[in-house]
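Take a look at the fold shown here. This report goes through its ligand site and then its sheets.

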Amino acid sequence: MLRLPDFSFRRPRDVAEAAAILAGEGPRAKLVAGGTDLWPKMKRRQMEPAVVIGLRHLKELGEVTGTSGSGVVLGANLTLRQLERDPLLVERYGAVAEAARSISSPPLKTMGTLGGNLCVDTRCFYYDQTYEWRQAIHFCLKKDGDTCWVAPGSRRCWAVSSTDLAPVMLALNARLRLVSSAGQRTVHAAQFYNHDGINYLGKRPDEIVTHVELPPMNGEITSFVKLRRRGSIDFPVLNVAAWIRPARNSRSVEAARIAIGGVTSAPYLSETAANVLIGRQLDADAVRQAAESARLDSRPLDNTDMDFSWRRQMVEVWVRRALEDIARRMS
Ligand SMILES: Cc1cc2nc3c(=O)[nH]c(=O)nc-3n(C[C@H](O)[C@H](O)[C@H](O)COP(=O)(O)OP(=O)(O)OC[C@H]3O[C@@H](n4cnc5c(N)ncnc54)[C@H](O)[C@@H]3O)c2cc1C
Ligand code: SF4
């Protein structure tokens, strides 16, 4: 049995107190919401915080507010279960509900949160192992070692972004509210991720994700699709979120965003694929060309489940499926 290491647990009264504790403790501290990522990581000694700051009980982070006409604000503590069932999200922000639905398993979705999902650790064969397994290979750059076993000459880590909700937030052009003891700021989801498997978040360690702001939806259509080995539980090895704004007086595409995750250390927008669609009907030809551009744009790495060259081919297939789903709903 894997056991948790010793740590002290802090239960702040509110976000301001959580931010103050985080600022005071510095790198010794980690936040925990649902704990479905953090607790297993601590058991495997991939993370060893001396102090864990609980957020889950903070009711101020647990609401859905606003309307699709004015924009919706999601609290970071909303569980994946709540996101997949919320009628407003299901109706107007379908990709959010669908991505939440696709994550892990029912018990984990009851605990796992939006904030935890957006900050979930990157993954790699050589890292997602027990302490003893990692010790046997002298660890790696991401934790306790000095070599990257995926690219031994590299000084950076190539572990892969594995959050299902992040590509959706990129496709929607959502903004994240970050709170620290120094104040509050908002960042676009596209700026929140770095192409670095260790420093994968574009936020300071003392910042807490408190809310996600979804832009208004006035006729735009979204879709989310995901590739994984076992549909009942596995992390994505590829996910695609698409957002299309149809032109008002015709059936052509006025604006488009296609986001891809599970491929490199950060989810990203494939602008070349989206640009193919602008001003065109979302017909079979446009969909095929956009999907092909997305594949040419992508560089899956050989450090997660399934062969990386096959995953690259699947980028084309999965982008096509996401766009076909939207085309069906536009017609
Ligand atoms: C078997 C299994 C399968 C899984 N499958 C998937 C999957 O298919 N797709 C997927 O996306 N994930 C998957 N996960 C990962 C995880 O369950 C989800 O990503 C979940 O949403 C994480 O949320 P949490 O609240 O439990 O995070 P936690 O474990 O509480 O936290 C995760 C990380 O985020 C940080 N954090 C948490 N809340 C905040 C906040 N508000 N502000 C700043 N930092 C914060 C924590 O410090 C920690 O580093 C899986 C996990 C397991 C164990
Ligand atoms: S990509 Fe390299 S450094 Fe990063 S987790 Fe994998 S082996 Fe370790």
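## Around ligand 2

Ligand 2 has 13 residues around it, and Cys124, Cys140, Cys148, Cys157 and Trp158 come nearest. A residue is near a molecule or strand if one of its heavy atoms lies within 4 Å of it. The shell around ligand 2 divides into 11 nonpolar residues, one polar and one charged. Here Ala, Val, Leu, Ile, Met, Phe, Trp, Tyr, Cys and Pro count as nonpolar; Asp, Glu, Lys and Arg count as charged; the others, Gly among them, count as polar.

Where does ligand 2 sit? Ligand 2 is in the largest cavity. A cavity is a set of points, on a 1 Å grid over the protein atoms alone, where a 1.4 Å probe fits but cannot get out. To sit in a cavity, a molecule needs more than half of its atoms within 2 Å of the grid points.

## How the model is read

This is a predicted model: local features need pLDDT of at least 70, side-chain atom pairs count only at pLDDT 80 or more, and totals for chains, interfaces and linings use all residues. Residues are numbered from 1 along each chain as its sequence is written, chains are lettered from A and ligands numbered from 1 in the order in which they are written, and side-chain values use heavy atoms, with hydrogens and water left out.

## The three-stranded sheet

One open sheet has three strands in the order E1-E3-E2, with parallel pairing. Strands (E, at least two residues) and helices (H or I, at least four) are DSSP runs, numbered from the N terminus. Two strands pair if DSSP finds at least two bridges between them. Strand E1 (8-10) and strand E2 (29-32) are the edges, and each pairs on one side only. From one strand to the next, the twist averages 25 degrees. Angles run from 0 to 180 degrees between N-to-C directions, and axes are lines fitted to C-alpha atoms, for helices over the stretch in contact.

Four bridges link E2 to strand E3 (residues 51-54) in the parallel sense. Leu31 has Ile53 in E3 as its bridge partner. Helix H1 (residues 15-25) packs on this sheet and touches E1, E2 and E3. Contact means heavy atoms within 4.5 Å. The direction of H1 makes about 165 degrees with that of E3.

## The five-stranded sheet

A second topic is the open sheet of five strands, ordered E4-E5-E8-E6-E7 with antiparallel pairing. Its edge strands are E4 and strand E7 (183-188). The twist averages 20 degrees from one strand to the next. H1 packs on this sheet too, touching E6 and E8. The direction of H1 makes about 130 degrees with that of E8.

## Pairs and hairpins

Strand E4 (residues 64-67) and strand E5 (residues 71-75) run antiparallel, joined by four bridges. Thr67 has Gly71 in E5 as its bridge partner. How many residues lie between E4 and E5 in their hairpin? There are three.

Strand E6 (residues 175-180) pairs with strand E8 (residues 208-214) over five bridges. Val179 has Ile208 in E8 as its bridge partner. E6 also joins E7, antiparallel, through six bridges. Arg175 stands opposite His188 in E7. E6 and E7 form a hairpin with two residues between them.

Conventions
On a 1 Å grid over the protein atoms alone, a cavity is a set of points where a 1.4 Å probe fits but cannot get out, and a pocket is an open set with protein on both sides within 12 Å along at least five of seven lines; lining residues have an atom within 4 Å of a point.
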